[in-house]
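Biologist: I'd like to go through this one bit by bit. Can we put it up on the screen and start with a single residue?

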There are 2 protein chains.
Amino acid sequence: MSALQKIVGTAVFLLLSTIAAVAQSNTKNLDELRAADAAWLKTYEAKDVDKAAAFCDDQGSLLWPNAPRVTGKSAIAKATASAFAIPDFKLEWHTDQSGVARSGELGYTSGTYTWTFKDASGKPAADKGKYLTIWKKQPDGSWKVLLDMFNTDLPPN
Amino acid sequence: MSALQKIVGTAVFLLLSTIAAVAQSNTKNLDELRAADAAWLKTYEAKDVDKAAAFCDDQGSLLWPNAPRVTGKSAIAKATASAFAIPDFKLEWHTDQSGVARSGELGYTSGTYTWTFKDASGKPAADKGKYLTIWKKQPDGSWKVLLDMFNTDLPPN
């Protein structure tokens, strides 16, 4: 084998290794993103305001229906506390679609939710719809919510 | 200057050039993304269903309120045509926040909208709220909508 062949062979090997490493890293990133989404849901099931708000980026925003955008940890904690205070509040969601940029610092999750609660008159009520969340990877490697939005599938009242 | 100094100097120069090129490429990507968002709005102002739908990725979805997710060009065209058919439909939106991943193939835009129309009884009606759109760069370099969602800021009826 000539020196040139050795160099080309090494270059091809390095290129393929790099491609494999990037692909593996992206799968790992997506797994971690989906795990963060599932862990965020757990804080909703536990109605833990502080832990739920801690999943949001310092510049994170909630784009929830029937209210303007809410930005920053303390405003997010307040909005989350208001939701958890709704009688018999129970929210579940399921991720149907997710993705992470090749560079690994930006991703999204999207899916459906079901939400049950008691309305102002104390009557059981239910809503179902869809959500879309944008996540930003933090310097410590954790994923945090940059933007979170949802809306109902039900027809208007 | 020693050979080692020359090598280190060259390496530092190449590193800084790469960082500058990546930063410039990201600014260009973000400019192109925001231009795509603005061009999409133009198709809404013109109520051009085909051109509006053409801004969506082949696997794109509309996550609009009061209906389940709508996926694919033909379903998107149908939903868009239904919106444009609302009497005196007029939609405007404004991008407040946007970002592109360092790898340049995934981005998002978010902002506010105002929407005026005539309701079922022919009375002028208005809505305002916020939106979040995820964009995917296509092999031809254009940005297309992967997921588009909005909801109202107004209190429930």
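Biologist: Which residues does B:S103 touch, leaving out those up to four places away in sequence?

Modeller: Bear in mind that this is a predicted model: local features need pLDDT of at least 70, side-chain atom pairs count only at pLDDT 80 or more, totals for chains, interfaces and linings use all residues, and side-chain values use heavy atoms, without hydrogens and water. Residues are numbered from 1 along each chain as its sequence is written, while chains are lettered from A and ligands numbered from 1 in the order in which they are written. With contact taken as heavy atoms within 4.5 Å, B:S103 touches A:A101, A:R102 and A:S103.

Biologist: Where in chain B does B:S103 lie?

Modeller: Helices (H or I, at least four residues) and strands (E, at least two) are DSSP runs here, numbered from the N terminus. On that basis, B:S103 sits between β3 (90-100) and β4 (106-118), in the loop.

Biologist: And how is B:S103 classed by accessibility?

Modeller: Buried means under 20% relative accessible area, exposed over 50%, and partly exposed in between (1.4 Å probe, protein chains only). B:S103 has 23% relative accessibility, so it counts as partly exposed.

Biologist: How far apart in space are B:S103 and B:N26?

Modeller: In sequence these two are 77 residues apart. In space, C-alpha to C-alpha, the distance between B:S103 and B:N26 is 8.3 Å.

Biologist: Is A:A101 buried or exposed?

Modeller: A:A101 is found in the loop between β3 (90-100) and β4 (106-118) of chain A. Leaving out residues up to four places away in sequence, A:A101 touches A:N26 and A:L106, plus B:A101, B:S103, B:E105 and B:L106. At 0% relative accessibility, A:A101 counts as buried.

Biologist: Which residues does A:L30 touch, again not counting those up to four places away in sequence?

Modeller: A:L30 belongs to helix α1 (residues 3-45) of chain A, and at 26% relative accessibility it counts as partly exposed. The residues A:L30 touches are A:S98, A:G99 and A:V100.

Biologist: What is the relative accessible area of B:T43?

Modeller: B:T43 is in helix α1 (residues 3-45) of chain B. Beyond residues up to four places away in sequence, B:T43 touches B:D48, B:K51, B:A52, B:F55 and B:F84. B:T43 is buried, with a relative accessible area of 7%.

Biologist: What is phi of A:D88?

Modeller: Most residues other than glycine have a negative phi, and most peptide bonds are trans. A:D88 is in the loop between α3 (73-84) and β3 of chain A, and it is partly exposed, with a relative accessible area of 48%. Although A:D88 is not a glycine, its phi is positive, at about 55°.

Biologist: What pattern does chain A follow along the sequence?

Modeller: Chain A has three helices and six strands. Read along the sequence, they follow the pattern α-α-β-β-α-β-β-β-β.

Biologist: What is the radius of gyration of chain A?

Modeller: The radius is taken over C-alpha atoms, and the globule rule is 2.2 Å times the number of residues to the power 0.38. For 157 residues that rule gives 15 Å, and chain A is well over it, so it is more spread out than a compact globule. The C-alpha trace of chain A spans about 85 × 30 × 25 Å along its principal axes. The radius of gyration of chain A is 21 Å.
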